[in-house]
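This briefing reviews selected local features of a structure, grouped by topic. Please read it alongside the sequence and the coordinates.

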Amino acid sequence: MNRRQAYEAAQRRRSLTVAGISTLAVVAAVFLLVPLAPGWPAVRASFFDGQVFAETFPTLLRAFLIDVMIFAWSVPLILGLGLAIALARGARAPALFPLRIFGAVYVDIFRGVPVVLTIYLIGFGVPGLGLPRPWNSPYIWGTVALVLTYSAYVAEVLRSGIESVHASQRNAAICLGLTERDTMRYVILPQAIRRVVPANMNMLVALQKDVALLSFIGPVEILRQAGIYKSLLANFTPYVVAAVIFLLVTVPATRYADYLLNRDRDARS
Amino acid sequence: MPEAKLSLRGVKKSFDANHVLRGIDLEVAPGEMICLIGASGSGKSTLLRCINQLEPIDEGTVWLDGQDISEPGLDLGPVRRRIGIVFQSYNLFPHMTALENVLLAPRRVLNEQGQGLEKRATALFERFGLAQHMRKYPDQLSGGQQQRVAVIRALAMRPEIMLFDEITAALDPELVGEVLAVLRQLREEGMTMLLATHEMGFARELADRVCFMDGGVIVEEGPPEQIFSAPRVARTQSFLRSVLRPTL
């Protein structure tokens, strides 16, 4: 080991020690100080009841499957509609001008209204038209509300991605004789989509959480089930259980997405 | 314009108040290699981009094989596939391998498919000494290699004429040679070529004709020997003095 390496090894050891000590100090402070708060015993009893946790966990996990289901069928719809809106907003042909206007208005409306409101309005409003079963299902109209809202966001992200691809790429494709359509499909979009994957992953994580908002219009998914338990057991622990279950899914999902992105980047450089 | 492969008459182009081309007349015979020289901003690049109609021209006419390709409203797809162009900045598609870059346009535009096309593309890579890099992505190639792939990509469309827009200007000096070698090879194969270049030695050695551009016009044109050894116009003389001055 030369002098430089020895120095760097010493530096590394030092950083590790400092990081370890400071982490320990913070954790110790939380565990020692929070229980000193006057209301701690009451909070612990109503939020961190081990027995309630164990009792409600299996049912809440099953209720969470409903969230996963709604999420799973919403994602392809959102990506499809988002792409369609993004392309509509970029349409240049004069005949497609109405489509452009529609895209712009669509994005303005659904980005401007809180998700909960859209869910209420569509989830209660449309079935109110007196549709026959199964077309009055809150699953359908809740999904529609989520899809409409999220595809507006995804469309904007995609559009920014499309605009970030340098004009020289388009020129190169056009000069080879490719049509506008093929240029978009084979040259611009693949690059644009890769660039916005991180932003869209964030969007999907947010969606995974917002699925729980459908509980307001009926489906007994995890949040509503936790609410039922709360009333039944007069205890808030089921909400903590729900939070833990969400984290178990969203944290690994984001880490996995980061991993995929890095791998893709490494493969091309 | 029966004999010329490419013919320009009175071509003008301005960007707002900036008159970049002020009336260009030029004839390119089949198999001819013409070098455009001149300072940055003299209009060389714009001229090339006006030939394949990447920039619409304001006035004048461009004929390709006797067909007026500068006519407003003309479907430019079929025209552009006959004119290959290579840019200073390569502009390879970064999400595709070198081979995929080359295959895209023949597939989508010429409707070529399968084994025959792959063989043809592979042969091009072999011809320019890049067979072992075919499956790599542009980011994994050197600038010189990327530029050669860009040339192959244009050649895969079987163009009738090739335009080169200062294709060695962005390269490290030690990589310029390999790209010029490609041009030399194309020259021997009889490709009709129009180059905007700063490589004076190269222009002198290989060009059939050299055009000196300044202020949006072709100030002087002639065989390289005459332009480089006995320029007649004062502006040509001073430009050549400034670029050919022995470096320290």
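This is a predicted model: local features need pLDDT of at least 70, side-chain atom pairs count only at pLDDT 80 or more; totals for chains, interfaces and linings use all residues.

**Helix H3 of chain B**

- Helix H3 of chain B spans residues 98-109 and is mostly covered, with nine of its 12 residues buried.
- The buried set opens with B:Ala98 and B:Leu99, continues through B:Asn101, B:Val102, B:Leu103, B:Leu104, B:Ala105 and B:Pro106, and ends with B:Val109.
- The cover over these buried residues includes elements of both chains: helix H8 (180-210) of chain A, and helices H4 (114-127) and H5 (143-155) of chain B.

**A residue of helix H5 of chain B**

- B:Gln145 lies in helix H5 of chain B.
- B:Gln145 counts as buried because its relative accessible area is 16%, under the 20% limit.
- Leaving aside residues up to four places away in sequence, B:Gln145 touches B:Leu130, B:His133 and B:Glu178.

**Salt bridges**

- Over all chains, the whole structure contains 22 salt bridges.
- In general, side chains of opposite charge can pair when their charged atoms come close.
- In chain A, A:Glu156 and A:Arg159 form a salt bridge whose closest N and O atoms are 3.3 Å apart.
- These two residues are separated by about one helical turn, because they stand three residues apart in helix H6 (residues 138-164) of chain A.
- A:Glu156 is buried at 16% relative accessibility, whereas A:Arg159 is partly exposed at 23%.
- In chain B, the side chains of B:Arg127 and B:Glu189 meet in a salt bridge with an N to O distance of 2.5 Å.
- This pair links distant parts of the chain, 62 residues apart: B:Arg127 belongs to helix H4 of chain B, and B:Glu189 to the loop between helix H6 (173-188) and strand S8 (192-196) of chain B.
- Both partners are partly exposed, B:Arg127 with a relative accessible area of 37% and B:Glu189 at 43% relative accessibility.
- Another salt bridge joins B:Arg204 and B:Glu225, with the closest N and O atoms 3.6 Å apart.
- That bridge also connects distant parts of the chain, 21 residues apart, from helix H7 (residues 200-206) to helix H8 (residues 224-229) of chain B.
- B:Arg204 is partly exposed at 34% relative accessibility, and B:Glu225 is partly exposed with a relative accessible area of 47%.
- Shared partners unite A:Arg89, A:Glu156, A:Arg159 and A:Glu163 in one network of salt bridges.

**Aromatic rings**

- There are 12 aromatic pairs over all chains.
- A:Tyr106 and A:Phe110 form a tilted pair, 4.9 Å centre to centre with 50° between the planes.
- A:Tyr106 and A:Phe110 are about one helical turn apart, because four residues separate their positions in helix H4 (residues 97-112) of chain A.
- Both A:Tyr106 and A:Phe110 are buried.
- A:Tyr120 and A:Phe124 form a stacked pair, 5.6 Å centre to centre with 25° between the planes.
- A:Tyr120 and A:Phe124 lie four residues apart, about one turn, in helix H5 (residues 115-125) of chain A.
- A:Tyr120 is partly exposed with a relative accessible area of 34%, and A:Phe124 is partly exposed at 47% relative accessibility.
- A:Phe47, A:Phe236 and A:Tyr239 are linked into a cluster by ring pairs.
- In chain B, the charged end of B:Arg153 sits over the ring of B:Phe93, 4.4 Å from its centre.

Methods:
Residues are numbered from 1 along each chain as its sequence is written. Chains are lettered from A and ligands numbered from 1 in the order in which they are written. Side-chain values use heavy atoms; hydrogens and water are left out. Buried means under 20% relative accessible area, exposed over 50%, partly exposed in between (1.4 Å probe, protein chains only). Contact means heavy atoms within 4.5 Å. A salt bridge is a side-chain nitrogen of Lys or Arg within 4 Å of a carboxyl oxygen of Asp or Glu. Rings of Phe, Tyr and Trp (its six-membered ring) pair if their centres lie within 6.5 Å; planes under 30 degrees apart count as stacked, over 60 as edge-to-face and the rest as tilted. A charge sits over a ring if NZ of Lys or CZ of Arg is within 6 Å of the ring centre and within 35 degrees of the ring normal.
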